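Biologist: I'm new to this one, so could you walk me through it and explain the labels as we go?
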Amino acid sequence: MRLNWIKNNTTEKFTLLLVLVISVWVGSNISWGKDRWKGILESDARGYYAYLPSIFIYQDLNFDFFEKIENGEYHDRHYYYDYRVKINGNSINKYWIGTSVCELPFFLSAHGITLLTGGKADGYSKLYPIFINLSGIFYAMAGLFFLTQLLQLYGISSANKNLSVVFVFFGTNLFYYAVVEPGMSHVYSFAVITLFVYLLKLFFEAPSSKMLILISILLGLIFLIRPQNMVILFIVPLAAGNKEKLKAAFNWVLSDFSLLVKVLLLFFSIGSIQLFYYKIACGTFIVDSYPGESFNFLAPHFFEIFFSFKKGLFVYTPLYLLSLFGLIFLFKKSGWDAISIVIFFILLTYLLASWHNWWYGGSFSSRVYVDYLVIFSICFSTLLQNAKKKGRLVLIFLSVLITLLCQFQIYQYRYAIIHWENMTREAYLDNFFRITTN
């Protein structure tokens, strides 16, 4: 596998290390002290994580231990959340298992250390959430690392890669979901999808069976984390780069039927883990674990998902909007790439904006776009790469302001100055410069 590992560029190493140190420092200060560690796993994150103690500690796939944990010594009305739904009279986890698969090494590390030190090895004592915090930071760093490798394939200079890493991490809600709410699925999707796009681009440059197998494994994991993330398949034309490479690669895959069967079986084997869980837990393979929740493809909320004061992507994290100006330069360099991104962006937004709860509950900005930051990063780095002289200085200055705004609004969100769900235009403007909760 032709990986462009960072070997000689000191500045890239330093940038990633700096981001890592800041993330651990901020995460530990925000969440590790006193009883604040109890809030690391809240809301949906409790459901994503619950597979790990259910399998490795309680051997209970129907989560009967829920009441003991949530109503026992870890009870906190602020964090209480029942992630279970009833199917065929049995309790199952509402959420998919892929996030917990990503968290597994950190859970096992916390569990092992807790056992060795004589701590309370119940899956919810202090060390477990802290290691999930480290898990979120690790996957963010992994995603950023593979992002630098991908940007190198697009001819982005080292300086612009470094700037992209800093602005994409601190200037979007990736920072929030890596450091503050690391138990949510988004930072894991970001890492896996970024690696998927990178390997996919390498595959189109030089098709190989080994690369295709790795891609199928990643695709299975992407599906297992969030099934709707399979929309990433529409990014294939961008990864190919042109029609000729796309056609040649597909012909190469179709020419080896046995390899195609192996790859498909591998993908379905990974993806079917969730289905087998359902079968064991409630007796059926196919389950609607989101009863009463669905997509409404006839009424997508395009404007709201971008510009509403409730959760608008461009309102709370305007770096996403700024990055799209990079499409201008992409059109000049490669119309194929630019059109591929535009089509993907439209399809992605149509899917995300069609969910009945288009603001996706409690979240900072529109959290579902974090998963696909790799696409916005390509646009943003292209913008940096092609801006000249004064225009480049203006762009960097604007990016700094946007990043500061993002961090300020994350602060407001953490202290409920920005409400977790019920924001309005009036509330946003009234609280724009507010820094205290009094």
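Biologist: Why is R84 called buried?

Modeller: Keep in mind that this is a predicted model. R84 has a relative accessible area of 19%, and buried means under 20%, so R84 counts as buried.

Biologist: What makes E67 and R84 a salt bridge?

Modeller: Their side chains meet at 2.9 Å, N to O. The cut-off is within 4 Å, so the pair makes it. E67 lies in helix α3 and R84 in strand β1, so the contact ties together parts 17 residues apart in sequence. E67 itself is partly exposed, at 36% relative accessibility.

Biologist: And why do D371 and R226 count as a salt bridge?

Modeller: The closest N and O atoms are 3.9 Å apart, and the rule asks for within 4 Å, so this pair qualifies too. It links distant parts of the chain, 145 residues apart. Both D371 and R226 are buried.

Biologist: How do you know that β1 and β2 pair up?

Modeller: Pairing takes at least two bridges, and these strands have four, in the antiparallel sense, so they count as paired. K86 stands opposite S91 in β2. The two strands form a hairpin with two residues between them, and N88 in the turn has a positive phi of about 55°.

Note on methods:
Residues numbered from 1 in each chain as written. Predicted model: local features only at pLDDT ≥ 70, side-chain atom pairs only at ≥ 80, totals over all residues. Heavy atoms only, no water. Buried < 20%, exposed > 50% of the residue type's maximum accessible area, 1.4 Å probe, protein only.
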